[in-house]
Amino acid sequence: MTRFAPIARVVRAARPTAAARFSTSVRAMAGETGAPRSGGAAQADAFTKREKGAEDLFIRQEERTKLLALREKLKQQRKHLDELDKHIDDLTKEQGGEHN
């Protein structure tokens, strides 16, 4: 027996049996058929739609607040750039670089 024999036994034991593979595929195939729902399932659908709508609204509001914050930051950056431009103009006038 090689030193890898115990590992091979563990690997074989961890593999699903044929019955286990079939039982999981049966559960997977028992899902959506595309047929219209009635009763509690229809109400669950309405709840899902309402929940998705609430999530979409929340995401939209969060994106809006982020956008407003970015606009404010952009406004501050523009103000800073204008101040720097004015400072550069003042320096060039003092040095006589431009004829104004």
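How exposed is aspartate 90, in terms of relative accessibility? At 31% relative accessibility, aspartate 90 counts as partly exposed, and I would like to come back to that residue once we have looked at the chain as a whole.

The mean pLDDT of the chain is 76, with 53% of the residues reaching 70 or more. Confidence is lowest in helix H2, residues 18-29, where the mean is 52, and highest in H3, where the mean is 92. Where pLDDT is low, the predicted coordinates should not be read in detail. For the details, then, I will stay with H3.

Of the 100 residues in the chain, 1% count as buried. The chain exposes about 9,600 Å², and carbon and sulfur atoms supply 59% of that area.

Let me now turn to the charged side chains, beginning with the salt bridges, of which the structure holds 2. In one of them, the side chains of aspartate 56 and lysine 52 meet, at 3.1 Å from N to O. Both residues lie in helix H3, which spans residues 40-95, and they are 4 residues apart, about one turn of the helix. Aspartate 56 is partly exposed, at 31% relative accessibility, and lysine 52 is partly exposed as well, with a relative accessible area of 49%.

The other salt bridge brings us back to aspartate 90, which pairs with lysine 86, the closest N and O atoms being 3.4 Å apart. Aspartate 90 and lysine 86 are 4 residues apart in helix H3 and are therefore separated by about one helical turn. Lysine 86 has a relative accessible area of 53% and counts as exposed, because the cut-off for that word is over 50%, whereas aspartate 90, at 31%, is partly exposed.

Finally, which residues gather in a patch of negative charge on the surface? They are Asp82, Glu83, Asp85 and Asp89. Among them, aspartate 89 has its place in helix H3, and with a relative accessible area of 39% aspartate 89 is partly exposed.

Conventions:
Residues are numbered from 1 along each chain as its sequence is written. This is a predicted model: local features need pLDDT of at least 70, side-chain atom pairs count only at pLDDT 80 or more; totals for chains, interfaces and linings use all residues. Side-chain values use heavy atoms; hydrogens and water are left out. A salt bridge is a side-chain nitrogen of Lys or Arg within 4 Å of a carboxyl oxygen of Asp or Glu. Helices (H or I, at least four residues) and strands (E, at least two) are DSSP runs, numbered from the N terminus. Buried means under 20% relative accessible area, exposed over 50%, partly exposed in between (1.4 Å probe, protein chains only). pLDDT is the predictor's confidence in each residue, from 0 to 100. Accessible areas come from the Shrake-Rupley method with a 1.4 Å probe; for residues, only the protein chains shown count as cover. Patches are made of residues with over 30% relative accessible area and no salt bridge: like charges are joined within 9 Å, nonpolar side chains (Val, Leu, Ile, Met, Phe, Trp, Tyr) within 5 Å. Lys and Arg count as positive and Asp and Glu as negative; His and the chain ends are not counted. The place of a charge is taken as NZ of Lys, CZ of Arg, CG of Asp or CD of Glu.
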